[in-house]
Amino acid sequence: MIDTNLDHQKGTKQPNLLLITVDQMRFDCLSIMGHPVVETPNLDALASRGILFEHAYSATPSCIPARAAIMTGMGQRSHGRVGYRDKVEWNYAHTIAGELAQAGYHTQCVGKMHVYPARNLCGFHNVVLHDGYLHYNRDKSKTLQDEHYDQVDDYLQWLRRQTNANSDITDLGLDCNASTVARPWHLPEAMHPTNWCVTESLDFLRRRDPGKPFFLWSSFVRPHSPLDPPQCYLDMYKDLEFPDPPIGDWVDESAALNGAKDPTSSFTNLPKRRLDRARAAITR
């Protein structure tokens with residue numbers, strides 16, 4: 001989602017640019033798109049004031065190549081990423097942030113980048129990073145040079161300053177891809193990563209160079225797993241009936257049965273109660 005309808009300084013010809021992205025949110029999970037259960041009043045308001053693209057698709061559905069397309073403006077044939085593969089360096093000569101910086105913009109990303117190395121600026125003047133859920137940088141044997149999340153994740157550092165030095169982003173016991181298990185967020189809502197991303201984005205707007213137009217990318221991890229919404233959002237949907245999810249003829253039924261006992265399995269056959277709870281949590 002891009003919103004260019006923000007005030008900027010008199011005499012500045014270029015518009016301010018705000019790019020908001022979320023991870024693993026279906027296009028139809030908006031009340032403005034007619035979903036029978038999901039309520040998204042704030043997103044609906046943005047859509048009603050702008051242009052709603054009802055038939056826009058990502059050429060590659062997985063995270064890294066989709067982000068490369070956003071970052072470079074190129075399709076997968078040109079940017080070279082066609083699936084999920086970690087630890088491949090991002091060394092593109094031209095990025096949206098880099099080009100805007102050269103054009104006089106003050107550029108900032110807040111939240112998830114999913115690039116390598118993790119602290120690669122990719123043309124931004126600054127990045128306030130929350131990438132600590134990535135498996136490749138959660139190996140406890142890694143050092144600062146190896147990009148262990150203890151060192152590279154800005155949200156984690158902030159969380160420990162607010163709570164204690166032993167706090168971790170997995171204290172709820174949920175793996176970053178354990179999409180079958182849902183639990184309410186255990187700390188004050190203001191400490192949730194989603195709230196942190198909003199707060200840090202607003203802080204950039206407060207501290208930005210007022211003599212330049214800005215490009216701000218607010219990049220949210222959620223509704224991607226872990227499924228840990230604040231209690232009030234889980235309660236909004238926990239007792240509602242959702243329409244049955246579509247199941248195509250491409251589904252591997254045997255793989256689903258084999259993964260039924262593993263909460264982190266990519267292919268599983270869930271009991272209805274757990275499925276309903278997971279869907280209530282991801283709808284937050």
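Author: Ring pairs join Phe124, Phe215 and Trp217 into a cluster; rings of Phe, Tyr and Trp (its six-membered ring) pair if their centres lie within 6.5 Å, and planes under 30 degrees apart count as stacked, over 60 as edge-to-face and the rest as tilted. The model is predicted: local features need pLDDT of at least 70, side-chain atom pairs count only at pLDDT 80 or more, and totals for chains, interfaces and linings use all residues. Residues are numbered from 1 along each chain as its sequence is written, and side-chain values use heavy atoms, with hydrogens and water left out.

Reader: Is the pair of Trp90 and Tyr92 stacked or edge-to-face?

Author: The rule gives seven aromatic pairs. For Trp90 and Tyr92, the ring centres are 5.8 Å apart. Their planes stand at 90 degrees, so the pair is edge-to-face.

Reader: In which helix is Phe204, the partner of Phe214?

Author: The ring centres of Phe204 and Phe214 lie 6.1 Å apart with planes at 80 degrees, so this pair is edge-to-face. It links distant parts of the chain, 10 residues apart, with Phe214 in strand S5 and Phe204 in helix H7 (residues 193-207). Helices (H or I, at least four residues) and strands (E, at least two) are DSSP runs, numbered from the N terminus. So, following the DSSP runs, the helix that holds Phe204 is H7.

Reader: What relative accessibility does Phe204 have, and is it buried or exposed?

Author: Buried means under 20% relative accessible area, exposed over 50% and partly exposed in between (1.4 Å probe, protein chains only). Phe214 is buried, with a relative accessible area of 2%. Phe204 also counts as buried, because its relative accessibility is 2%.

Reader: How many residues of helix H2 are buried?

Author: H2 spans residues 63-72 and is mostly covered. The cover of its buried residues includes strand S2 (17-23), helix H3 (76-79), helix H4 (96-102) and strand S5 (214-223). Cys63, Ile64, Pro65, Ala66, Arg67, Ala68, Met71 and Thr72 are the buried ones. Of the 10 residues in H2, the number buried is eight.

Reader: How far is Leu19 from Ser218 in space, C-alpha to C-alpha?

Author: Leu19 sits in strand S2 and is buried, at 8% relative accessible area. In sequence, Leu19 and Ser218 are 199 residues apart. In space, their C-alpha to C-alpha distance is 6.1 Å.

Reader: Which residues does Ser201 touch?

Author: Ser201 belongs to helix H7 and counts as buried, with 7% relative accessibility. Contact means heavy atoms within 4.5 Å. Not counting residues up to four places away in sequence, Ser201 touches Val110, Leu216 and Ser218.

Reader: What is omega for the peptide bond from Arg222 to Pro223?

Author: Asp23, in strand S2, touches both Arg222 and Pro223, which are among its contacts beyond four places in sequence. Pro223 is found in strand S5. The peptide bond from Arg222 to Pro223 is cis, with omega near 15 degrees.

Reader: How much space lies in the largest cavity?

Author: On a 1 Å grid over the protein atoms alone, a cavity is a set of points where a 1.4 Å probe fits but cannot get out, and lining residues have an atom within 4 Å of a point. Grid points are joined across faces, edges and corners, and a volume is the space filled by probe spheres set on the points. Three cavities of 30 Å³ or more turn up in the whole structure. The largest, with Trp185, His186 and Pro226 among its lining residues, holds about 50 Å³.

Methods: 1 Å grid on protein atoms, 1.4 Å probe; cavity = no way out; pocket = protein on both sides within 12 Å on 5 of 7 lines; lining within 4 Å.
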